[in-house]
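Open the model in your viewer and keep the selection tool at hand. Each stop below says what to pick and what is there.

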Amino acid sequence: MGCGRNHHDNDSANCVCQVVRAIKDIQDNAVEEECAECTSCFTEPLGTLVSPSRRDPVDTRVFVLSTADGSPFHAFFSNENNACVSIYFRVEDVFDNCCATLRVLVPGKRDGGNFCPVNLVSGGDKCCIDLTKVCQVERFRASNDCITVDLSCFCAVQCIADVNLGICN
């Protein structure tokens, strides 16, 4: 199956679908278990992706999706001053074989003890994700904005971090 092709008769073989399904299962079954030594999107339990010894409660595995040309997929969120575009997501639901509802996460950095949103769009043309700004992202906050996607349209998924967004509270 090539990137960007819709082969709904073979959705179960789409690796992006399988990874996002696994992330959803891991989030749903966040329980304390032995820590894994190798990290990937399939690393269990939730919370061990970045720090295997982490004991803080976490409820989200943050990930990014790549399009057929290798660029990061992005979506919009609202109510964050100058920042309004993100490449970071939390899976909320997977349905109809390869569709998913994703919560758009607000990228941020530390400003003292405060959360400071990072504007990922390049300055002049307002069309492109500025990869140097992606490197500044240290924290995430849940937005109220969700997007429904066909996971078979993506070529790659990369897990970034396990965090506590207070979604399950």
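Which residues does Ala83 touch, not counting residues up to four places away in sequence? Select Ala83 and look around: Phe77, Pro117, Val118 and Asn119 are the residues it touches. This is a predicted model, so treat every stop as a prediction.

**Stop 1: Ala83**

Stay on Ala83. Its place is the loop between β2 (75-76) and β3 (85-86). Is Ala83 buried or exposed? Its relative accessibility is 4%, so Ala83 counts as buried. Gly108 is 25 residues from Ala83 along the chain, and 9.5 Å separates their C-alpha atoms.

**Stop 2: the whole chain**

Zoom out and switch to a cartoon. The protein has two helices and eight strands. Trace the chain along the sequence and the pattern reads α-β-β-β-β-β-β-α-β-β. Of the 169 residues, 43% count as buried. Then show the surface. The accessible area of the protein comes to about 9000 Å², and 46% of that belongs to carbon and sulfur atoms.

**Stop 3: colour by confidence**

Colour by pLDDT. The mean for the protein is 83, and 79% of the residues reach 70 or more. Among the elements, β1 has the highest mean pLDDT (96) and α1 the lowest (89). Next, select residues 31-36. Here pLDDT stays under 50, and the model has eleven contacts beyond four places in sequence for this stretch. Where pLDDT is low, the predicted coordinates should not be read in detail.

**Stop 4: the disulfides**

Show the cysteine side chains. How many disulfides does the structure hold? There are two. A disulfide is a covalent bond between the sulfur atoms of two cysteines.

Select Cys17 and Cys98. A disulfide joins them, with an S to S distance of 1.5 Å. Cys17 sits in helix α1 (residues 15-28) and Cys98 in the loop between β4 (89-95) and β5 (99-111), so this pair ties together parts 81 residues apart in sequence. Cys17 and Cys98 are buried.

Move to Cys41 and Cys159. Their disulfide has an S to S distance of 2.1 Å. The link is right-handed, with 125 degrees about the S-S bond. Cys41 lies in the loop between α1 and β1 (60-66), and Cys159 in strand β8 (residues 156-163), so the pair ties together parts 118 residues apart in sequence. Both Cys41 and Cys159 are buried.

**Stop 5**

Select Cys153. Cys153 counts as partly exposed because its relative accessibility is 31%. Now select Cys146. Its relative accessibility is 43%, so Cys146 is partly exposed.

**Stop 6: Ser143**

Pick Ser143 in strand β7 (residues 139-150). Ser143 has a relative accessible area of 4%, so it is buried. Look for polar atoms around its side chain. A polar atom of the Ser143 side chain lies 2.5 Å from the backbone oxygen of Val104. The backbone nitrogen of Asp145 lies 3.0 Å from a polar atom of the Ser143 side chain. Leaving out residues up to four places away in sequence, Ser143 touches Phe77, Arg103, Val104 and Val106. Phe77 was also on the list for Ala83.

**Stop 7: the nonpolar cores**

Finish inside. The largest nonpolar core has 27 residues, and Phe63, Leu65, Leu102 and Leu151 touch the most other members. At least two residues of this core come from each of α1, β1, β4, β5 and β8. Which element gives the most to this core? Select α1: it supplies five residues.

Now centre on Leu65. Not counting residues up to four places away in sequence, Leu65 touches Val16, Ser71, Pro72, Phe73, Leu102, Leu151, Phe154, Ala156 and Val157.

Terms used. Residues are numbered from 1 along each chain as its sequence is written. This is a predicted model: local features need pLDDT of at least 70, side-chain atom pairs count only at pLDDT 80 or more; totals for chains, interfaces and linings use all residues. Side-chain values use heavy atoms; hydrogens and water are left out. Helices (H or I, at least four residues) and strands (E, at least two) are DSSP runs, numbered from the N terminus. Buried means under 20% relative accessible area, exposed over 50%, partly exposed in between (1.4 Å probe, protein chains only). Contact means heavy atoms within 4.5 Å. A disulfide is a pair of cysteine sulfur atoms within 2.5 Å. Accessible areas come from the Shrake-Rupley method with a 1.4 Å probe; for residues, only the protein chains shown count as cover. A polar contact is a pair of N or O atoms within 3.5 Å; within protein, one must be able to donate a hydrogen and the other to accept it, and residues adjacent in sequence count only if both atoms are side-chain atoms. pLDDT is the predictor's confidence in each residue, from 0 to 100. A nonpolar core is a set of buried Ala, Val, Leu, Ile, Met, Phe, Trp, Tyr and Cys residues joined through side-chain atoms within 4.5 Å.
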